[in-house]
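This note sets out points to check while reading the structure shown below. Each point may be followed on the model itself.

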Amino acid sequence: MFKFVDIETTSYCNARCPFCNRTNMKNYKPKYLDFDIIRKLPFDKIKQVLLLGNKGDAIFYPDLFRLLEHMWAFKGTWVTIHTNASAHDEIWWTELAELLEGKGDIVYTLDGLEDTHSLHRVGTDFEKIVRNVIAFNDAGGSSTCQFLKFKENEHQVEDVKALTKNIGTKTFWVRKSRGFNDTLHRPTGAKTRHEINKSKKSKIKCVHLEGSFVLTVDGEIRPCCFMADDDYIGNFETHFREDIRHNQHILNYIRNPKSINLKYNSFDDIMSSKYYDAIRRNYKYLFRCNQKCKATFEDIVDKECL
């Protein structure tokens, strides 16, 4: 049984957040996950599905409602959609709430009030997000608001929390950013995930070993989101040098990149492949695992019920 699975349904998004890999990729053409690939997942063995990914927003997936119905044919699968909520109209969000009621929820983002939100969520509309979330919550939807904190918006945490509570949101997260720049500065006392990992002496907390994986928009089954993002894939040589003593799984992948792609293999064959066997045996030594996974969710996010 898998604790949770992250499905990247699309790499399309209407936002241009400065620290997103997609924003910084020149001439990138968005993709949509082939529905036939999704059908190959063992939803009867999956407790929770996250519609998240590394580049896109699931609300732009043309077959989203069809996907929800397909997953719910397997009893017991809970679905959480992570979204900027800055698209579609209130009728669409009402329909989504009715579909999700008792079977799923959403995590949306407000990185400040109207004057600061779009400093990070470039291209999104604060007022539209609030209208959509109100429609969703009023129709029986369950929602969490995620607030990504910077120096420019940290004074608005309590105001945004009060706003989200007033519009019916159930949970509020304050999340530490993964980066800062000349426009968005480090908030008081904040450390990035990389900085927390460097300072912690604790053991690696491997989410894959705890029962999860990521299905990318290209159809690849990756152990986790950190081994599925474009920084990892685009800098393979760097990670290869770091992992040279434990790299049989990377060598196998380079020789046959289709070996972990659900389009060409069964799910069970991928999970029993040399790639996954090597990761399970050697994750304690791998550079990416040590770079990312000593920090826990609780180190990055302050969570509060409203």
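1. Is Phe2 buried or exposed? With a relative accessible area of 15%, Phe2 is buried; the term buried means under 20% relative accessible area, exposed means over 50%, and partly exposed lies in between (1.4 Å probe, protein chains only). Phe2 lies in the segment before β1. Helices (H or I, at least four residues) and strands (E, at least two) are DSSP runs, numbered from the N terminus. Leaving aside neighbours within four places in sequence, Phe2 is in contact (heavy atoms within 4.5 Å) with residues including Lys45, Ile46, Lys47, Phe213 and Met271. Between Phe2 and Tyr283 there are 281 residues of sequence separation and 19 Å in space, C-alpha to C-alpha.

2. On the basis of these values: the model is predicted, local features need pLDDT of at least 70, side-chain atom pairs count only at pLDDT 80 or more, and totals for chains, interfaces and linings use all residues. Residues are numbered from 1 along each chain as its sequence is written, and side-chain values use heavy atoms, with hydrogens and water left out.

3. Strands of a sheet pair through backbone hydrogen bonds, either parallel or antiparallel. At one end of the order, strand β7 (residues 212-215) and β8 pair in the antiparallel sense over 2 bridges, and Val214 has Arg222 in β8 as its bridge partner.

4. Strand β4 (residues 104-109) runs parallel to β5 and is joined to it by 4 bridges, with Val107 standing opposite Thr144 in β5. Strand β6 (residues 171-176) also runs parallel to β5, through 6 bridges, and there Cys145 stands opposite Phe172. From β5 the chain passes through helix α6 (residues 157-166) to β6, a β-α-β crossover that is right-handed; the term applies if, with the strands pointing away from the viewer, the path from the first strand over the helix to the second runs clockwise.

5. How many aromatic pairs does a search of the whole structure find? The search finds 13. Rings of Phe, Tyr and Trp (its six-membered ring) pair if their centres lie within 6.5 Å; planes under 30 degrees apart count as stacked, over 60 as edge-to-face and the rest as tilted. Tyr12 and Phe60 form an edge-to-face pair, 4.9 Å centre to centre with 85° between the planes. Tyr12 lies in the loop between β1 (4-7) and α1 (35-38), and Phe60 in the loop between β2 (48-51) and α2 (64-71), so the pair ties together parts that are 48 residues apart in sequence. Tyr12 is partly exposed, at 32% relative accessible area, whereas Phe60 counts as buried at 16%.

6. Phe147 and Phe172 form a tilted pair, with 6.3 Å centre to centre and 55° between the planes. This pair links distant parts of the chain, as Phe147 is in strand β5 and Phe172 in strand β6, 25 residues apart. Both Phe147 and Phe172 are buried. Elsewhere, ring pairs link Phe65, Trp92, Trp93 and Phe136 into a cluster.

7. Helix α2 is largely enclosed by the rest of the structure, because 6 of its 8 residues are buried. These are Leu64, Phe65, Leu67, Leu68, His70 and Met71. The buried residues of α2 pack against α1, β2, β3 and α3.

8. Asn84 is found in the loop between β3 (78-83) and α3 (90-100). At 5% relative accessibility, this residue counts as buried. The side chains of Asn84 and Asn14 are joined by a polar contact of 2.9 Å; such a contact is a pair of N or O atoms within 3.5 Å, where within protein one must be able to donate a hydrogen and the other to accept it, and residues adjacent in sequence count only if both atoms are side-chain atoms. Not counting residues up to four places away in sequence, Asn84 also touches others, among them Cys13, Asp57 and Thr109.

Notes:
Two strands pair if DSSP finds at least two bridges between them.
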